[in-house]
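Biologist: I'm new to this one, so could you walk me through its charged side chains? Let's get the structure up before we start.

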Amino acid sequence: MSEKQPKKKKTAGDVVLTVVLIAAICVFCYAGYNLFHIYTEYKKGTDEYNSITQMAVTERDPDGEAAGPEAGSELKAPMDIDFASLKSVNDDVVGWIYVEAVPDINYPIVHGKDNETYLHRTYEKNYNFAGTIFVDYENKGDFSDCNTIVYGHNMKNGSMFAQLKKFTQDEETYKKSKYFWIFTPEKNYRYEIISAYTTGVNSDTYTLFKGPGEEFEKYLEKIRGYSEIQTDAEGMNIKDKIITLSTCTGNEATRYVVQGKRVDTLDVGQSNYEEQLPESEENRIAVKADDKNSDDKISVTVFGKNKGGILNGRRS
């Protein structure tokens with residue numbers, strides 16, 4: 001009959017090793033859960049916006065589209081937006097944005113009562129990191145201000161406004177197209193990109209104006225000078241309507257912006273190109289004389305913190 005082998009007594013080292021192993025397994029499981037949660041959040045946001053796009057957007061056949069005014073042809077909006085369907089989901093909708101050079105930027109725009117509501121609420125008002133593209137609450141919702149600020153998250157999966165940075169990362173992006181569109185229930189607006197750059201969170205880029213005037217004219221000169229890319233924009237004046245597309249950078253102190261000026265206005269459903277005649281120097285001076293003293297700027301403080309593509313907003 002064989003003798004039983006005595007059990008090996010556990011040493012202090014064995015206990016420590018076991019504890020470390022259990023801790024490592026716990027950390028691995030927790031990290032896995034967080035990754036899964038992040039993935040599902042991204043997927044929920046992406047799926048929702050894909051569903052909204054399918055519901056509201058009718059893209060026009062590129063083969064049937066005219067090349068545009070540069071080729072002496074008609075200019076047509078690249079898509080039609082069903083705002084009745086959009087309003088049935090969220091009455092805060094004021095527009096839809098589409099960036100030609102980065103067509104993944106193709107989203108509804110809302111205008112809320114503050115700059116907090118849609119930071120982490122989707123178009124259907126579900127909690128989600130992606131939030132919604134929205135107009136600054138101090139702006140009018142019809143894009144008629146001298147400078148309208150539109151915010152969007154810089155998501156790690158490339159959604160929302162994450163791809164705006166391509167304009168400075170790759171010069172071919174601007175060469176591909178220098179235009180973006182904002183569609184509204186009443187009008188379709190085409191904007192020409194005039195600048196793209198990284199700026200401070202409290203910079204004068206985020207200045208709002210009550211009306212055109214000398215201060216706005218100076219502002220136009222400044223933002224052209226800030227640009228990190230060479231653009232073709234010419235003939236800017238105080239009658240221009242500017243859109244500032246803003247997103248975070250991963251640095252709490254800075255933001256990335258792409259700015260455009262309105263160059264075309266089409267009625268919804270309009271199929272013919274109506275060329276906008278350049279404003280005469282006499283008219284420009286007359287407008288300056290009338291509005292020189294009407295300018296009143298409002299300095300704003302924009303988003304204060306950024307965590308991995310997620311914005312936290314603060315207004316002053």
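Biologist: Are lysine 175 and glutamate 171 buried or exposed?

Modeller: Keep in mind that this is a predicted model. To count as exposed, a residue needs a relative accessible area over 50%. Lysine 175 and glutamate 171 are both exposed.

Biologist: Where do lysine 175 and glutamate 171 sit in helix 4, and how many residues apart are they?

Modeller: Helix 4 covers residues 171-176, and the two are about one helical turn from each other because of their spacing in it. As for the spacing in helix 4, it is 4 residues.

Biologist: What is the N to O distance in the salt bridge of lysine 187 and aspartate 267?

Modeller: A salt bridge needs the nitrogen within 4 Å of a carboxyl oxygen. The side chains of lysine 187 and aspartate 267 meet that way, with N to O at 2.3 Å.

Biologist: Why does lysine 76 count as partly exposed?

Modeller: Lysine 76 forms a salt bridge with glutamate 74 (3.8 Å, N to O). Buried means under 20% and exposed over 50%, with partly exposed in between. Lysine 76 falls in between because its relative accessible area is 23%.

Notes
Residues are numbered from 1 along each chain as its sequence is written. This is a predicted model: local features need pLDDT of at least 70, side-chain atom pairs count only at pLDDT 80 or more; totals for chains, interfaces and linings use all residues. Side-chain values use heavy atoms; hydrogens and water are left out. Buried means under 20% relative accessible area, exposed over 50%, partly exposed in between (1.4 Å probe, protein chains only).
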